[in-house]
Amino acid sequence: MEPKKIYGILSEKFSGKMKQLQENTFPASIFVEADAVVDVCRFLKKEDGLEFLSLICLSGVDLKEQNKMAVVYHLGSMKHKHTISIKAELDRSNPHIPTVESVWPVADWYEREVYDLFGVIFDGHSDLRRILMPEDWEGYPMRKDYVYPKRYHTWDV
Amino acid sequence: MISLIEHMTAGLSNAGPFMRIVVTTIIMLVSGVIVLAVALLYEGVATYAERKVAGDIQARIGPNRVGPYGFLQFIADGVKLLLKEDIIPFYADKWLFIAAPYIVFTASFAAFVPLSYSDHVYVANLNVGILYMIAISSVVSMAVLMGAWGSNNKWSLFGGMRAVAQIVSYEIPIILSLLAALIIPASLTMKDIIVYQSGGFGIFRWLIFNNPFTLLAFFVYYIAAIAEVNRTPFDIPEAESEIVAGYHTEYTGMRFAFFFMAEYGDMFVVSAIAVTLFLGGWQIPFIGALSMPLWLREVLEVAVFFTKIFLLIYLMMWIRWTLPRLRVDQLMELCWKYLTPIAFFNLIGASVWVLLLNGKGVYDIIAGLLIH
Amino acid sequence: MAGTDEKFMQISMGPQHPSTHGVLRLLVTTDGEVLSGVKPYIGYLHRGLEKIAERLTYPQFTPFTDRLDYLAAMNCNLAYAMTVEKLLNVEIPRRAQILRVIMAELNRISSHLISFGSFSADMGAFTPFLFGIREREFINDLFEMTCGARLTYNYIRIGGVSQDIPEGFIDKTREFLDYFPAKIKEYNELLSFNAIFIKRLANIAVISPEDAFDYGVTGPNLRASGIKWDLRRAEPYLIYNELDFDIPVGKGEMGKVGDSWDRYMMRIYEMEQSANIVRQCLDMLEAGDYTAKISKVLKPPAGEVYVRAENPRGELGFYLISDGSAKPYRLKIRAPSFANLSIITKLARGVMMADLIAIIGSLDIILPEIDR
């Protein structure tokens, strides 16, 4: 299905929550309001003709210049062979977004990673703790303004 | 050796009881040391053989640097293990931890004693030889549990529990299948069992060919024996890829070497029981009435005995490097649902055969018919 | 020695363990042998590759992709190169494409050989591992001949490949392809259809198609659950649409569809198919450039792409955001093993300890790409 058509269907169903469609990325990106993300994803997964059963990737992006933090969901459908990316832009000083763990259980680990590296809080997540960095690490390494610590426990870093 | 002791002490009958005790003790110590030396030499060579056999099966060479064809590798390994740091974990139960390897090794080595190596070469011709050997081998399971608990390590405990469950369960098919063969010579003495199998060109009166039940009993015994010794496919107690090294995880250096050597000693012991009971012991096939000096005959008999045992051990090694490992519940299932019932009904069948045919074997019947 | 709850024991299959394929910690809650839960801890190998990518230029990052999944380094190189080329919109010469397919498929064979070998070693059959290594030596020799490295190749670069294949490569590859099918037959006889092996794996950890989609499982694990999805067919890249090869799918031959045996067998079938592909590519190889002409200082236009490729372990994807400069703005690596491992909390409930090892082995994970 063409991205324009998907965007059309979504705009109809979730009027007011769709922000824009960007077609020059591969795959095309649809910008969504942060609080509508879970409903949009569930709709995309269950609806006939869309059936995005796979959450291919969930990434965080630090857009420091625009003072925003983005969470990007790449969705794919094996049945209809189409892919789309859903983007939600969050306030950089207080990034909150509801979790899509209830839609795809694998989002559990992806969201933990985004929390660990970017500091995005996923509301409703069952077990939001660091996954790659040590449990008592301070700071969010992938942010653009991250300052490397001088010491960790007894080691000079 | 007992005859030797009696011989020598007979000559001392006019010497005081003290002298007799001293001489007896010295002779027993000497014979013990000789058996220990033989056992240790065997165990060293067995580790070398295992590595060479493994290399052969796995399309590689195996040890070939230390000595001709790598033969002295076991000496190098022994020296290495002696020089390793002796670590006792801080929270380990010290006495259990230290005692376990010694008990395991003693139990496995003590079973070398009642074996009859040839017609006149033996250490102690116990009249309860088989019973003694089975009983002493069971001490291994207790010592394994001591080592596992004393290590204060969860992985060791896992291994120890599995080991005890396995060893204790597999004792039953072993004993039942041994009984199927023991009822024919009707004696527990190792030498008498072997002497019973003489004649028949040195091969056809072996108890394995006596009746179809003993043939089946041999295979049941062999499978249960592999499980008794903790060899793959039954090596879950020391399944190194699952629980690090099982019950000997915390042992280093010479203590570990004791466990290791005890395993090869056990392999020898169970193979020796199989050879004695089923494969004719030191009976040389097809030699018959060929006359030769006594010493040559004795040497040949010892050589034949060891050859048969080594063939069975080679088979154990071959199986180890071929088959994957059974899971613990599948292993227990094999023992209790398959081997034990088979061994039990086998025993009943063997008993019926002995009752009806008065202990005669297949060869005896055929020979009897041909003569008439 | 008890945990906080008297009934359950908490064991850490810690970061150092012979069977977790890398530094993975599994906190296992068990009562005796049956597990009630598994909590994986990762991050022991986190090197911050994504942060490093933001500091280096595009060509400088290629060697880092080798170290993502070092057993399938060519495929990782390939996915990254394709991502940058998509942004650049450059066309790769045909010879370079065919060379890329040859290298990627040979790497797939060698990755599956290691996966098969280490899985069988976990199961207790040590011999097939060494057979796999023996075959892999041929492939390593081929790669060494081409690019000088045996494990981390850095061969498939942005724009093409780093150098042309040397003389003798084609003949040697054909030699290997003639020799290889007999070996697969040998593996099947030795291990795949062995009764003990099947007993250990059949009906263990069945992944249903719904679970596979929900947990993002890809690669042979997904195909073992009956879903015929391969990126080389569904979204063809390079010259895969011109090649004739099958996509093996799990049929539940030994148990339910999607059990561990199916996942294991997928890799064996895929090795056969890859050998087939390489043979076709060798016939199609024609003269030409081995790389496209791209500028030394690579500045792709601003944009975002997500490109994915079929790695031996699943779907490897790179999400690249470029801001027009010589360094990436954001590079996210979607590793197949990350999603494959997340399903283990669901699968490992109610299985036995030995089965946990079987599950991890059948999922075929590798830690460096999980931790990046």
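This is a predicted model: local features need pLDDT of at least 70, side-chain atom pairs count only at pLDDT 80 or more; totals for chains, interfaces and linings use all residues.
The contacts between chains were examined first. Two pairs of chains touch, and of these the pair formed by chains A and C has the most contacts. No contact joins chain A and chain B, whose closest C-alpha atoms lie 25 Å apart, whereas chain C is in contact with chain A and also with chain B.

At the interface of chain C with chain A, 37 residues of chain C are in contact with 43 residues of chain A. The area buried between the two chains is about 3400 Å², and carbon and sulfur atoms give 62% of this area. Across this interface there are 16 residue pairs in polar contact, both residues being at pLDDT 80 or more. Several elements of chain C each supply at least two residues of the side that touches chain A, including strand 3 (34-41), helix 1 (49-53), strand 6 (303-311) and helix 15 (367-371). The residues on this side of chain C divide into 18 nonpolar, four polar and 15 charged.

Five salt bridges were found across the interface of chain C and chain A. In one of them, the side chains of C:Arg372 and A:Glu113 meet with a distance of 2.7 Å from N to O. A salt bridge also pairs C:Glu54 with A:Lys144, at 3.2 Å from N to O. Here C:Glu54 belongs to the loop between helix 1 and helix 2 (62-66) of chain C, while A:Lys144 belongs to the loop between strand 7 (121-123) and strand 8 (151-152) of chain A. C:Glu54 counts as buried because its relative accessibility is 16%, under the limit of 20%, whereas A:Lys144 is partly exposed, with a relative accessible area of 30%.

At the interface of chain C with chain B, 34 residues of chain C are in contact with 29 residues of chain B. These chains bury about 2900 Å² between them, with 65% of it on carbon and sulfur atoms. The interface holds six residue pairs in polar contact, both residues again being at pLDDT 80 or more. On the side of chain C that touches chain B, strand 1 of chain C gives the most, with five residues. The residues of that side comprise 20 nonpolar, eight polar and six charged.

One salt bridge was counted between chain C and chain B; it joins C:Asp355 to B:Arg327, the closest N and O atoms being 2.8 Å apart. B:Arg327 also forms a salt bridge with B:Asp329, at 2.7 Å between the closest N and O atoms. B:Arg327 counts as buried at 10% relative accessibility, while B:Asp329 is partly exposed at 32%.

Over all chains, the search of the whole structure finds 50 salt bridges. Within chain C, a network of salt bridges links C:Glu105, C:Arg108, C:Arg223, C:Asp230, C:Arg232, C:Glu270 and C:Glu310.

Beyond its neighbours within four places in sequence, C:Tyr155 is in contact with residues including C:Met74, C:Leu99, C:Met103 and C:Ile165.

Notes: Residues are numbered from 1 along each chain as its sequence is written. Chains are lettered from A and ligands numbered from 1 in the order in which they are written. Side-chain values use heavy atoms; hydrogens and water are left out. Contact means heavy atoms within 4.5 Å. Buried area is the accessible area (1.4 Å probe) that two parts lose on being put together, summed over both. A salt bridge is a side-chain nitrogen of Lys or Arg within 4 Å of a carboxyl oxygen of Asp or Glu. A polar contact is a pair of N or O atoms within 3.5 Å; within protein, one must be able to donate a hydrogen and the other to accept it, and residues adjacent in sequence count only if both atoms are side-chain atoms. Helices (H or I, at least four residues) and strands (E, at least two) are DSSP runs, numbered from the N terminus. Ala, Val, Leu, Ile, Met, Phe, Trp, Tyr, Cys and Pro count as nonpolar, Asp, Glu, Lys and Arg as charged, and the others, Gly among them, as polar. Buried means under 20% relative accessible area, exposed over 50%, partly exposed in between (1.4 Å probe, protein chains only).
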